[in-house]
Amino acid sequence: MAAIGIKWRRAAIWLLRIVAGLAAVPILYFLAALLLGLVPANNAWREAESGITLFVRTNGVHTWLVMPKTNRYMDWRPYVPGAHLAEPRWGEGNYIAIGYGERNFYLNTPTWGDLSLATAFNAGFGRGTTLLHVEHDHNPTEDADTRRIVFRPEEYQRLVAFIRPRFRLDAQGRTLPVIGRGYRANDMFYEAHGGYSFVMTCNEWTGRALRAAGVRIGLWTPLEQSIMWRLD
C-alpha cells in the first residue's frame with residue numbers, strides 16, 4: 001500500500017507540474033509581447049512634418065493600415081476595385097484600410113461569441129490560410145481608435161513594397177476577392193500570401209509593415225496594444 005501511495009503522489013506531482021507549465025505559457029506569451037513591444041525598431045525615426053498622410057486603426061483587437069487609394073507612388077484601385085463590393089459606390093472613397101488575418105477566423109468568427117476551440121487552435125498553430133481585409137473609406141480622421149501618421153515618400157514606397165506582394169493574383173495578374181463574404185457594403189476579403197500563428201498575428205503583420213517602412217515600432221507586436229500605445 002505504501003508503494004501505491006508513493007506512485008500516486010509522484011503522479012500527482014507530475015500532473016501539477018504539467019498544469020503549471022500549461023498555465024505559464026500564456027503568461028510568458030503576454031510577458032514577451034510586453035517586453036518586445038517596449039523595445040523599438042527604427043529607434044531614430046521621427047514622424048515627417050509633411051508628406052503622405054496615413055492612419056492606423058483599431059477595433060480593440062485588430063489593426064488596419066489606412067492609406068490613400070491612389071497617389072503618385074501607388075494606385076490601389078486595380079487591386080481593390082469598387083466592383084468587388086456589395087455596394088460599388090463605396091469604391092469612390094479616397095482611402096482604403098488593409099488588415100491581415102487567418103481565413104477561417106475572418107470568415108466564420110464575426111464576433112467573439114462565434115469563436116470555437118478548433119478555429120482558435122488552427123489559427124494559433126498556423127494550420128490555416130490567410131486573407132487580406134480591405135475596407136473602403138473617405139476622408140478618414142483621427143479619433144480614439146485611429147492614429148494619424150505622416151510618411152515620407154520613401155517610407156510609403158517601402159510600405160507599399162511590403163503590402164502589395166501579399167495579394168495573391170490569378171494567371172491574369174488580378175487579385176482574388178472572396179465575393180459575398182464582406183462584413184458590410186464597403187469591405188471585401190482577398191486571398192493572401194503568408195502564414196498566421198500566435199507568433200505571426202494580424203497585429204504583428206501591421207507591425208512588420210510599419211517596421212519595413214522604417215517607422216518606430218516594437219520589435220514584436222502580436223497584440224493590438226503593442227501597436228497603438230507606441231503611436232500615442
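Is His133 buried or exposed? His133 is buried, at a relative accessible area of 0%, where buried means under 20%, exposed means over 50% and partly exposed lies in between, using a 1.4 Å probe and protein chains only.

## About the model

This is a predicted model, in which local features need pLDDT of at least 70 and side-chain atom pairs count only at pLDDT 80 or more, while totals for chains, interfaces and linings use all residues. Residues are numbered from 1 along each chain as its sequence is written, and side-chain values use heavy atoms, with hydrogens and water left out.

## Around His133

Let us stay with His133, which sits in strand 5, residues 130-137. Strands (E, at least two residues) and helices (H or I, at least four) are DSSP runs, numbered from the N terminus.

The side chain of His133 has a polar contact of 2.6 Å with the side chain of Asp187, and a polar contact of 3.4 Å joins the side chains of His133 and Trp64. A polar contact is a pair of N or O atoms within 3.5 Å; within protein, one must be able to donate a hydrogen and the other to accept it, and residues adjacent in sequence count only if both atoms are side-chain atoms. Leaving aside residues up to four places away in sequence, His133 touches several others, including Ala97, Ile98, Gly99, Tyr106 and Tyr183. Contact here means heavy atoms within 4.5 Å.

## Salt bridges

How many salt bridges does the structure hold? There are eleven, each being a side-chain nitrogen of Lys or Arg within 4 Å of a carboxyl oxygen of Asp or Glu. Side chains of opposite charge can pair when their charged atoms come close. One of the salt bridges joins the side chains of Asp75 and Arg77, at 2.9 Å from N to O. Asp75 is partly exposed at 27% relative accessibility, and Arg77 is partly exposed with a relative accessible area of 45%.

Another salt bridge brings together the side chains of Glu135 and Arg184, at 2.7 Å from N to O. This pair links distant parts of the chain, 49 residues apart: Glu135 is in strand 5, while Arg184 is in the loop between helix 4 (153-163) and strand 7 (187-191). Glu135 counts as buried at 9% relative accessibility, whereas Arg184 is partly exposed at 46%. Within helix 5 (residues 202-213), Arg208 and Glu204 lie four residues apart, about one turn of the helix. An α-helix has 3.6 residues a turn, so residues three or four places apart point the same way. The side chains of Arg208 and Glu204 meet in a salt bridge of 2.9 Å, N to O. Arg208 is partly exposed, with a relative accessible area of 34%, but Glu204 is buried, at 2%. Elsewhere, salt bridges that share partners join Arg57, Glu135, Asp137 and Arg184 into one network.

## Strand 3 and its partners

Strand 3 (residues 63-68) is mostly covered, with six of its six residues buried. Strand 2 (residues 52-58) runs antiparallel to strand 3, and four bridges join them; two strands pair if DSSP finds at least two bridges between them. Thr58 stands opposite Thr63 in strand 3. The two strands form a hairpin with four residues between them, and Gly60 in the turn has a positive phi of about 100 degrees.

Strand 3 also pairs with strand 4 (residues 95-102), in the antiparallel sense and over four bridges. Here Tyr95 in strand 4 is the bridge partner of Pro68.

## Helix 4

Which residues of helix 4 are buried? They are Glu155, Tyr156, Leu159, Val160, Phe162 and Ile163. These residues cover an arc of only 160 degrees around the axis, so they are on the same side of helix 4; the arc is that of the directions from the helix axis to the C-beta atoms. The buried residues pack against strand 2, strand 3, strand 4, strand 6 (146-151) and helix 5.

## Phe167 and Glu191

Phe167 lies in the loop between helix 4 and strand 7 and is buried, with a relative accessible area of 2%. Its C-alpha atom is separated by 6.2 Å from that of His193, 26 residues apart along the chain. Among the residues that Phe167 touches, not counting those up to four places away in sequence, are Trp76, Leu132, Tyr190 and Glu191.

Glu191 is found in strand 7 and counts as buried at 15% relative accessibility. The side chain of Glu191 makes a polar contact of 2.6 Å with the side chain of Arg103.
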